[in-house]
Amino acid sequence: MPILIFIVILLTGCMLGFIIKPNARLDRQISRIYIIIASLLVLNAALVNFANIQNAGLMNAMVFVLNWGKSLNFLLIGYFLVHISQVLKSKYHGTVEYPLDKIISSSLWAITIINGFGFIIETGYKLKNFEDLVEQFSHYGYARWFLYFIIVTETLGGIGVLLHFKLKTGPLSALGLMIIMLGVVLTNWHSNDPFAFSYPAVDAFMSLCLMMILYRFERKE
């Protein structure tokens with residue numbers, strides 16, 4: 001169900017992009033807000049996973065904010081993907097009327113923060129619950145070394161995504177992470193586990209796919 005909600009919200013963002021015409025000032029402000037939202041979302045995720053909060057009400061509130069923050073991410077990225085695509089094809093391309101390079105950069109920074117730090121936080125979670133994951137991987141029929149491999153590759157993938165603006169490692173890192181997420185889904189499928197266990201992987205896969213589209217726009221620009 002959460003994945004369907006994310007898809008609907010993504011499509012809603014795309015619809016907003018078609019309804020609201022590209023506006024340089026408005027889109028620049030929204031893109032800056034998007035970066036702030038992404039940063040707060042990552043901070044909230046880190047606190048949920050590592051702060052050891054004892055207050056149940058506070059924890060529930062933070063999880064609620066985390067889930068709706070992800071929804072807001074899909075809404076905004078859908079909005080910007082449509083506008084960037086429109087501007088790339090329009091008369092504004094190559095002029096000062098619409099700061100396309102800044103909009104692409106800001107949108108890419110926001111989703112980079114979410115995806116890059118998201119996988120690093122996931123690595124911390126795995127290390128925090130290492131023994132439980134060893135048992136889980138054994139249940140799936142995987143050797144202990146494979147857990148080490150996943151931890152290392154997810155960490156390197158997250159770092160590679162974050163270093164994209166310096167080393168252009170984003171597309172390759174994102175592709176590797178997408179393959180791992182597909183592996184999670186297939187593992188749960190073949191292990192007859194509820195599909196609910198795959199929600200985080202599908203969520204991450206969708207976000208990585210959208211980031212790959214932004215990489216393509218970045219190359220075009």
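Is phenylalanine 165 buried or exposed, or what lies in between? I looked it up in this predicted model. Phenylalanine 165 is partly exposed, with a relative accessible area of 23%. Buried would need a value under 20%.

**Entry: the fold**

I started with the secondary structure. I find 9 helices and 0 strands in the protein chain. From the N terminus on, the order reads α-α-α-α-α-α-α-α-α.

Next I checked the overall dimensions. The C-alpha trace spans about 55 × 40 × 30 Å along its principal axes. The radius of gyration is 18 Å. A compact globule of 221 residues would have one near 17 Å, so the chain agrees with that expectation.

**Entry: inside and surface**

I then turned to burial. Of the 221 residues, 41% are buried. Residues 24 or more positions apart account for 76% of them.

The surface came next. The protein chain exposes about 12,100 Å². Carbon and sulfur atoms supply 70% of that area.

**Entry: aromatic pairs**

I searched the whole structure for ring pairs and got 11 aromatic pairs. One of them joins tryptophan 109 and phenylalanine 165. Their ring centres are 4.2 Å apart, with 10° between the planes. I log this pair as stacked.

Where do the two partners sit? Tryptophan 109 is in helix α4, residues 100-128. Phenylalanine 165 is in helix α7, residues 164-167. The partners are 56 residues apart in sequence, so the pair ties together separate parts of the chain.

I compared accessibility for both rings. Tryptophan 109 has 34% relative accessibility and counts as partly exposed. Phenylalanine 165, at 23%, is also partly exposed.

Which side of the burial cut-off does phenylalanine 137 fall on, buried or exposed? Phenylalanine 137 counts as buried, at 11% relative accessibility. Phenylalanine 146 has 22% and counts as partly exposed. The cut-off for buried is under 20%, so the two partners get separate labels.

Phe137 and Phe146 belong to a cluster linked by ring pairs.

How values were computed: Residues are numbered from 1 along each chain as its sequence is written. This is a predicted model: local features need pLDDT of at least 70, side-chain atom pairs count only at pLDDT 80 or more; totals for chains, interfaces and linings use all residues. Side-chain values use heavy atoms; hydrogens and water are left out. Helices (H or I, at least four residues) and strands (E, at least two) are DSSP runs, numbered from the N terminus. The radius of gyration is taken over C-alpha atoms; the globule rule is 2.2 Å times the number of residues to the power 0.38. Buried means under 20% relative accessible area, exposed over 50%, partly exposed in between (1.4 Å probe, protein chains only). Contact means heavy atoms within 4.5 Å. Accessible areas come from the Shrake-Rupley method with a 1.4 Å probe; for residues, only the protein chains shown count as cover. Rings of Phe, Tyr and Trp (its six-membered ring) pair if their centres lie within 6.5 Å; planes under 30 degrees apart count as stacked, over 60 as edge-to-face and the rest as tilted.
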